[in-house]
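User: Hey, can you walk me through this one? I'd like to start with how the parts are laid out.

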Amino acid sequence: MNVALIGYGYWGINLARNVVQNSKMTLKYIVDTNKSRIDLAQKTYSGVSVIAEFDVVLKDPNIDAIIIATNPASHYELAKKSLQNGKHTLVEKPMVTEMTQAEDLHEIAEKNKLTLMVDHTFMYNGVVRKMKQIIDSDDIGDVKYIDATRINLGIFQNDINVLWDLATHDLSIVHFLMGSLPNTVSAIGKCHIKPNIENIAYLILQYDNDVIVHIHSSWMSPVKIRKMLIGGDKKMIVYDDIEPTEKLKIYDSSIILNNENREQLLVDYRIGDVFVPKYNTQEPLALMIQDFEQSIITNRKPLSDLQSSINVIKILKAAQASILHKGREIQL
Ligand SMILES: NC(=O)c1ccc[n+]([C@@H]2O[C@H](COP(=O)([O-])OP(=O)(O)OC[C@H]3O[C@@H](n4cnc5c(N)ncnc54)[C@H](O)[C@@H]3O)[C@@H](O)[C@H]2O)c1
């Protein structure tokens with residue numbers, strides 16, 4: 001399978017490496033409009049055509065698949081051209097920024113019988129998949145809350161706010177774990193640096209049965225935190241992505257209402273062992289690229305399919321509307 005990569009920036013470098021390492025793929029082109037990125041790609045991949053013109057790739061009948069890793073505002077136009085020219089297409093997150101754009105791309109992909117996929121890398125992460133397995137097996141009981149923090153001194157984007165940049169990851173994880181959309185979305189965000197681009201935001205999702213999800217995203221934190229707490233009514237999960245080895249811990253702890261003191265509503269704490277489950281440590285990006293390649297070869301839906309992208313976009317659009325209305329609850 002002959003592949004072209006569009007955008008050789010921070011993330012494009014990782015994608016190029018994983019395409020080259022995939023035994024069924026051959027990286028034929030790297031396209032970037034920036035001269036210094038072209039020079040860097042040429043130095044790294046001598047056997048690959050490194051060019052600035054996307055049209056050359058579109059016209060090359062030997063190219064089967066295109067991976068788009070440019071800035072989000074350009075995704076829609078590039079993906080549309082890619083699909084219209086008969087290429088299977090993988091788009092970086094966030095795939096697009098409007099629902100109509102997602103629907104449009106879906107229609108072209110269906111019409112031309114092409115794979116269209118978004119890179120929600122965390123759906124391929126061994127820790128996230130282990131958490132899904134643990135939740136689905138009812139080991140932690142009913143999930144009551146998820147609390148996610150993804151903050152650091154981040155790169156300020158020009159075309160998307162911090163939720164579209166960082167919360168996209170948490171939303172793809174939350175949706176993967178919960179399997180359904182929330183009933184309501186509310187968010188508050190502030191633009192301290194660039195006008196109309198929120199650099200810090202707090203997002204709340206509410207589901208049936210009083211399940212609540214809170215996501216904190218920021219480009220203005222002096223420390224890097226990538227943490228997710230999941231509270232079940234039997235056990236609780238702590239996922240710390242910064243931890244080098246023990247990223248996932250299951251706390252056999254819970255809170256029990258003391259039956260003998262029901263009138264006073266006294267609670268007891270059940271504090272048990274802490275388990276460190278084993279999880280797959282394969283690079284998630286390699287698995288994502290493999291899923292793209294296998295979806296094309298076997299003509300099946302990828303895990304990180306268009307619907308997963310649409311679900312995330314729906315929540316992000318609602319969050320944006322809520323921010324505009326000072327945190328008002330938006331029904332989905
Ligand atoms: N899945 C993940 O974990 C993850 C992580 C980081 C970034 N991303 C996503 O990857 C995408 C790129 O992010 P980045 O951090 O690498 O950005 P970046 O700015 O470092 O790189 C983007 C590159 O695309 C090039 N480019 C822009 N428009 C182009 C065009 N029309 N044709 C050809 N080249 C073009 C730029 O010159 C630049 O080199 C974004 O959508 C981002 O959200 C995903």
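User: How far apart are the C-alpha centres of domain 1 and domain 2?

Analyst: They lie 31 Å apart. Keep in mind that this is a predicted model.

User: And what are the bounds of those two domains?

Analyst: Domain 1 runs over 2-114, and domain 2 is made of 123-282 + 314-331.

User: How many residues does the contact take from each domain?

Analyst: Seven residues come from domain 1 and seven residues from domain 2. On the domain 1 side, the ones touching domain 2 divide into four nonpolar, two polar and one charged.

User: OK, switching to the ligand. How many residues surround the ligand, and which are the closest?

Analyst: There are 22 residues around the ligand, and the closest are Gly-7, Gly-9, Trp-11, Asn-34 and Glu-92.

User: Which helix gives the most to that shell?

Analyst: That's helix H1, residues 10-21, with three residues in the shell around the ligand.

User: How does the shell split by class?

Analyst: The shell around the ligand has eight nonpolar, nine polar and five charged residues.

User: Now the inside. How many residues are in the largest nonpolar core, and which have the most contacts there?

Analyst: The largest nonpolar core has 88 residues, and Leu-5, Ile-6 and Ile-67 have the most contacts inside it. Helix H7 (residues 162-178) is the one that gives the most to this core, nine residues. Both domains take part: this core draws at least three residues from each of domain 1 and domain 2.

User: What share of the chain is buried?

Analyst: Buried residues are 41% of the 332 residues in the protein chain. As for contacts with a separation of 6 or more, 64% are between residues 24 or more positions apart.

User: Last bit, the overall picture. How many helices and strands are there?

Analyst: The protein chain has nine helices and 15 strands. Its radius of gyration is 21 Å, close to the 20 Å from the globule rule for 332 residues, so the chain is as compact as a globular protein of that length.

User: And what does the C-alpha trace span along its principal axes?

Analyst: About 75 × 45 × 40 Å.

Conventions: Residues are numbered from 1 along each chain as its sequence is written. This is a predicted model: local features need pLDDT of at least 70, side-chain atom pairs count only at pLDDT 80 or more; totals for chains, interfaces and linings use all residues. Helices (H or I, at least four residues) and strands (E, at least two) are DSSP runs, numbered from the N terminus. The radius of gyration is taken over C-alpha atoms; the globule rule is 2.2 Å times the number of residues to the power 0.38. A residue is buried if 20 or more other C-beta atoms lie within 10 Å of its own, exposed if 12 or fewer, and partly exposed in between; C-beta atoms are placed from the backbone. Two residues are in contact if their C-beta atoms, placed from the backbone, lie within 7 Å. Domain bounds come from an automatic or database domain assignment. Ala, Val, Leu, Ile, Met, Phe, Trp, Tyr, Cys and Pro count as nonpolar, Asp, Glu, Lys and Arg as charged, and the others, Gly among them, as polar. A residue is near a molecule or strand if its C-beta atom, placed from the backbone, lies within 6 Å of it. A nonpolar core is a set of buried Ala, Val, Leu, Ile, Met, Phe, Trp, Tyr and Cys residues joined through C-beta atoms within 7 Å.
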